[in-house]
Amino acid sequence: MRAIAAVALNTFREAIRDRVLYLILAVALAVVGGSRFVAMLTVGSEVKIVKDLGLAAVSIFGLLIAVFVGVSLVSKEIERRTVFTLLAQPVARWQFIAGKYAGLLLVLAANVVLVGGAVLAAVALMGESPLALVPAIVLILVELSVVAAFSVLFSSFTNPILAAVGTVAVYVAGHLSWSFDLLRKRVATAAARTLCDVLHAVLPNLDRLDVKADAVHGVAIPAGTFAAAAAYGAFYAIAVVVLACIVFERREFA
Amino acid sequence: MPPVIEIRNLRKSFRGHLGIGSHLAVDDLSLSVQPGEIYGLLGPNGAGKTTTLKMLLGLVRPDAGTVTLFGRPPRDVAARRRLGFLPENPYFYDYLTAVEFLDLYGRLHGLDAGERRGRIDRAIERVGLKGREKTPLRKFSKGMVQRVGLAQAIQHDPELVILDEPMSGLDPVGRREVRDLILTLKAQGKTIFFSSHILQDAEMVCDRVAILFKGKLRAVGRLDDLMSPEAKWVEVTVKGSVPSGIGGERRENPDGSTLLVLPGFDALAPAVAAITAAGGTIAGVWPRRESLEDLFLREIGRAQVEERVS
């Protein structure tokens, strides 16, 4: 556990000493702050616009961090050969991957707390209770943890560019997983139908973690739905991290 | 006592670009390192030294053969707990300060906060980085990175220290300090296994050496056994004329004197007599024994001849 914590702390430290993170964070906070002005220019409920833009900012800028920090997390260590010294220590390879992932989760959690906190404050300042947004923000973090798991998985065996492409592809497909069900009804061959079934079953159903629209419209999210969605995301992320550990275990560092 | 490192019939090849062809990096290598000795793995660039060290650390899987550290496989965390490692041309997390860097490695070894503080101070002092504790590693010179890497390798007081080319990139003072550090570690009962192509340094510190060439072990043993302790030739510096009847090789020194290289001690007395009779002065006599470099070049030369013949 100590080894995982040490690797996680180092990963967190690396990210918070990178200016790109602050740039992403600044733009995210600017979007949340600016949403008030956008709301003034549009017809309709101003507070709804602030909630909409604010939650989108938490999600999109979190996604940027999950992808851009995550995809080079392992490959950079190999490319710069820092992994040689690290794995010569009493650290099992799975602990290294788990530590890297935990460090990235810490960065994502800090980002969600800061940007999400700014959204809640903005809504509260407009005189409305922001508490209904909290489950949506928590599920955004769960969704980001799934995306981060994929970026660590891809980073453990390929270069950052391919890892970024793969992670974004999974994110997009994860939000369109319902379409495989739809597609299944339209394709003629059995093989294509099986493929649709496999993709539907294997790819993460990220829409299950997206309750932003309900939260913005003030629709209460049932506790059971929330807990089931959070558990689904957490188990999915753990499964992907386990896969990353298996892949990394087999790697050679020539 | 059981060996600290035991390598048996180790073999490793790498696939070529796009999986075409293969390159044999280490071929049937066997050696063992005993507790408390300084063991040098020597060879030219591309000899297979780093690949051997990587197999020793579990970073690369052998195609055949076995490697054990303290009787355990290198992937066993318990075995790695007892070693310290410095890679070749180290590159560390440059966003960390020297103290943060050493603290990370102390944590990985499970040291508690108080223990880490004391050990970091001692290690920093030992490698001569006092006063640079708060400097980020990105501002360190190559030599300073090497020093902080050494501090990392020894701070947890390991029984075995593995160093990959520890002298490369260092100035003469730095090399001397690394040699002294290696000797101090030996005096503390540690085992040191290092790779190098700087033979002078290896000759000064090693108890035993193994010479690798193109992945194959060419020579292994104690330096005294590998190199004859007796003088192989005698060098004589002569001022004034050197009679023509004396054998041996002659070279003109820049100061006008002559360097006479005699094949052995037997030739010395007649040569001295002839020189003094001819009015020359003996300015110096140096018996020369084979150096590690001579041995190294001889073994490499032999390997190249064998290769051509086959």
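First, the ground rules. Because this is a prediction, local features need pLDDT of at least 70, side-chain atom pairs count only at pLDDT 80 or more, and totals for chains, interfaces and linings use all residues. Residues are numbered from 1 along each chain as its sequence is written, chains are lettered from A in the order in which they are written, and side-chain values use heavy atoms, with hydrogens and water left out.

Start with chain B as a whole. There are 10 helices and 13 strands in it. Both are DSSP runs, numbered from the N terminus: helices are H or I with at least four residues, strands are E with at least two. The C-alpha atoms fill a box of roughly 75 × 50 × 45 Å along the principal axes. Chain B has 310 residues, and 51% of them are buried. Buried means under 20% relative accessible area, exposed means over 50%, and partly exposed lies in between, with a 1.4 Å probe and protein chains only. Now contacts, meaning heavy atoms within 4.5 Å. Take those in chain B between residues at least 6 apart in sequence: 68% join residues at least 24 apart.

Next, the interface. Chain B brings 32 residues to the contact and chain A brings 29. The area buried between them is about 2900 Å², and carbon and sulfur atoms give 53% of that. Buried area is the accessible area (1.4 Å probe) that two parts lose on being put together, summed over both.

We count 19 residue pairs in polar contact between the chains, both residues at pLDDT 80 or more. A polar contact is a pair of N or O atoms within 3.5 Å; within protein, one must be able to donate a hydrogen and the other to accept it, and residues adjacent in sequence count only if both atoms are side-chain atoms. On the chain B side, β1 (5–15), α2 (77–80), β5 (83–86) and α3 (98–108) each give two or more residues. Helix α3(B) gives the most, with five residues.

There are also three salt bridges across the interface. That term means a side-chain nitrogen of Lys or Arg within 4 Å of a carboxyl oxygen of Asp or Glu. One joins Arg17(A) to Glu100(B), at 2.8 Å from N to O.

Now one residue to look at: Gln152(B). It sits in helix α5 (residues 142–154) of chain B. Is Gln152(B) buried or exposed? Buried, at 0% relative accessibility. Its side chain makes a polar contact of 3.1 Å with the side chain of Gln89(A). The Gln152(B) side chain also reaches the backbone oxygen of Phe85(B), at 3.1 Å. Beyond neighbours within four places in sequence, its contacts include Thr85(A), Phe92(B) and Tyr105(B).

Second residue: Met167(B). Find it in the loop between β6 (160–164) and α6 (172–187) of chain B. Met167(B) is buried, at 1% relative accessible area. Leaving aside neighbours within four places, it touches residues including Gln146(B), Val178(B), Ile182(B) and Ile198(B).

Last, cysteines. Cys206(B) is buried at 8%, and Cys245(A) is buried at 12%. Over all chains there are zero disulfides, a disulfide being a pair of cysteine sulfur atoms within 2.5 Å.
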